[in-house]
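Q: Before we look at any single feature, could you show me how to read a structure like this one step by step?

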Amino acid sequence: MFKKLFTKTNILLLLILAVASYLRLYEIGAYLTFLGDEGRDMLVVYNILHGHLTLLGPTASVGGFFLGPAYYYFMTPFVWLFDYNPVGPAIMVALFGIATVWLTYFVGSKFFSVKVGLIGALLYAISPLIITYSKSSWNPNPMPFFVLALLYFLYKGIEKKDWKWTLLSGIFLGIAMQLHYLATFVGVIVGAYILCSVIYDFFVTKQTWIASVYVGFSNYLIYALGFVIGWSPFLVFEFRHGFNNIQSIVAFIFTSKETGGGDMYSEIVGNVFFRIFGRIVTAFPPPENVNIHTHPELSVWFYGTLILAIISLLFLAFLFIKQFKNRQAFLRYSLLGLWLGVGIFLFGFYKKNIYDYYFSFLFPAPILLTSIPLAWSLTQKWIVKIIGLVIIAVLVALNLLTEPILTPPNHQMEQVAGIAKKVYDEAGGKSFNFALITGGNSDHAYRYFLTIWGNPPVTILNPDVDPQRKSVTKQLLVVCEELPCHPEGASLWEVAGFGRAQIVGHWDVSVVQVYKLQHYYGK
């Protein structure tokens, strides 16, 4: 039994998981991001734990519509276990990240070989971009786990012709759709994959057209049922509120000026293709921050990334053609090809900035693709094997030299808590109004700490709602993130709604200034 447990493969996998755990969990509280969005999420979960359940999730980054609530309910047990400390949900995201390392090994070894699984797990474990998004609580961050799992379940459902796997894949897509609407790209990939499997079974395995249509229709129907189950919390909200969000989503996709083809299509696709390999596999700096013409030392890095990506694609194409008549091989290679190809293709229709986190549904794809020729090289004669080992060593070095833990931690959570503590102390246990003067943040992070400490600020209501101004207290605490600051003349509603006021206290706290104002009644 112990010999089976402590095999060479298992030991290597445990070492990779240990590295992944260290890179994601080391001083996670000091590195995590805790700003307005994170504070908003913590406030929602705080309310959930106090009996105020929700069927609505965070707002999407574009479009003005909302996501489903799944991420909030993933957060809830970790917020409770860590006694309302924001580090709890960050640890949850890190655990999803570690689980995705294992899942990359599992899928790589099942689809291709143990070597592909191990190389893929190693590269996924040490990718700086992936680690960056595995150290903070944010709704898109668990996406790679759910996408990789749902695609594997889909493969199993079609390969085994077992509806239970297909249904489970649909449920996971419904959950992924609640994490980020880029899961719509995954829905297109799923639809294309089911169609390809039907066409393959009709033309290659000589299945009758009636059986092919029946199987394809059944798979779509079962998948749709699973998706509805997974997306059901959001659908219940939409049913109760006239489907406003779904209408906004459809309008954004089909009529918004931010989506659709254009002259820049091929340029966007080319940029995304390089970034998916450069940012995820070879740890290349953000292309918009570097210029290989003015920094020729980066040219080798740039073209090396491009060559590695092209060779990996050609290698997949070669295997696809060589093993085309093998149904299992076809289903595996076509899934990886569609995942990457359709994902990149669809980005060409998006006309706004494409941020690195948008690639979260693709994170494992270029890593698995790159791992296939690297694993093959290790089975060849010594010259090819040495080349493969050198490339793996270079990739490991490039990734480790740019790890997030090599940069000093931001201590952002401690900083926000310290500022909130000053506000809390100056409030003196009495009710108070609160305002944040900032360039692009929101006040939720400060409000969260003030809420869990037992003295949440009172929100000033519109006079139409509060004609007697009962929501206006005797003191206003203002945090200024923009300096210099003159809060008594600010046009911000939280300040203007308080009324004419005078400064009675002023303190420098960390990188901000805190002001205390009281009503001014004149001489």
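Q: Are Asp41 and Arg40 buried or exposed?

A: First, a word on what is shown: this is a predicted model, in which local features need pLDDT of at least 70 and side-chain atom pairs count only at pLDDT 80 or more, while totals for chains, interfaces and linings use all residues. Residues are numbered from 1 along each chain as its sequence is written, and side-chain values use heavy atoms, with hydrogens and water left out. Buried means under 20% relative accessible area, exposed over 50%, and partly exposed in between, with a 1.4 Å probe and protein chains only; by that rule both Asp41 and Arg40 are buried.

Q: How far apart are the closest N and O atoms of Asp41 and Arg40?

A: Side chains of opposite charge can pair when their charged atoms come close. A salt bridge is counted when a side-chain nitrogen of Lys or Arg lies within 4 Å of a carboxyl oxygen of Asp or Glu, and the closest N and O atoms of Asp41 and Arg40 are 3.0 Å apart. The structure holds 10 salt bridges, among them the one between Asp162 and Lys164, with a closest N to O distance of 3.2 Å.

Q: Which residue forms a salt bridge with Asp356?

A: The partner of Asp356 is Arg279, with the closest N and O atoms 3.0 Å apart. This pair links distant parts of the chain, 77 residues apart, since Asp356 sits in the loop between H17 and helix H18 (364–377) and Arg279 in helix H15 (residues 265–280); helices (H or I, at least four residues) and strands (E, at least two) are DSSP runs numbered from the N terminus. Asp356 counts as buried because its relative accessible area is 12%, and Arg279 is buried as well, at 13%. Elsewhere, salt bridges that share partners join Asp37, Arg40 and Asp41 into one network.

Q: What span should helix H17 have, given its 21 residues?

A: The expected span is 1.5 Å times one less than the number of residues, so for H17 (residues 327–347) it is 30 Å, which agrees with the 30 Å between its end C-alpha atoms. Of the 21 residues of H17, 17 are buried.

Q: Which residues is His180 in contact with, leaving aside its neighbours within four places in sequence?

A: Contact means heavy atoms within 4.5 Å, and by this test His180, in the loop between helix H10 (163–179) and H11, touches Ser61, Leu67, Pro140, Met143, Tyr357 and Tyr358. His180 counts as buried because its relative accessibility is 12%.

Q: Where is His411, and what is its phi?

A: His411 lies in the loop between helix H19 (382–400) and helix H20 (412–427), and its phi is near 50 degrees, a positive value in a residue other than glycine. At 32% relative accessibility, His411 counts as partly exposed. Ser510, in the loop between strand S3 (501–509) and strand S4 (512–519), likewise has a positive phi, near 55 degrees.

Q: Which peptide bond is cis, with omega near 0 degrees?

A: The bond from Leu483 to Pro484 is cis, and Pro484 is placed in the loop between strand S2 (475–480) and helix H22 (493–496).
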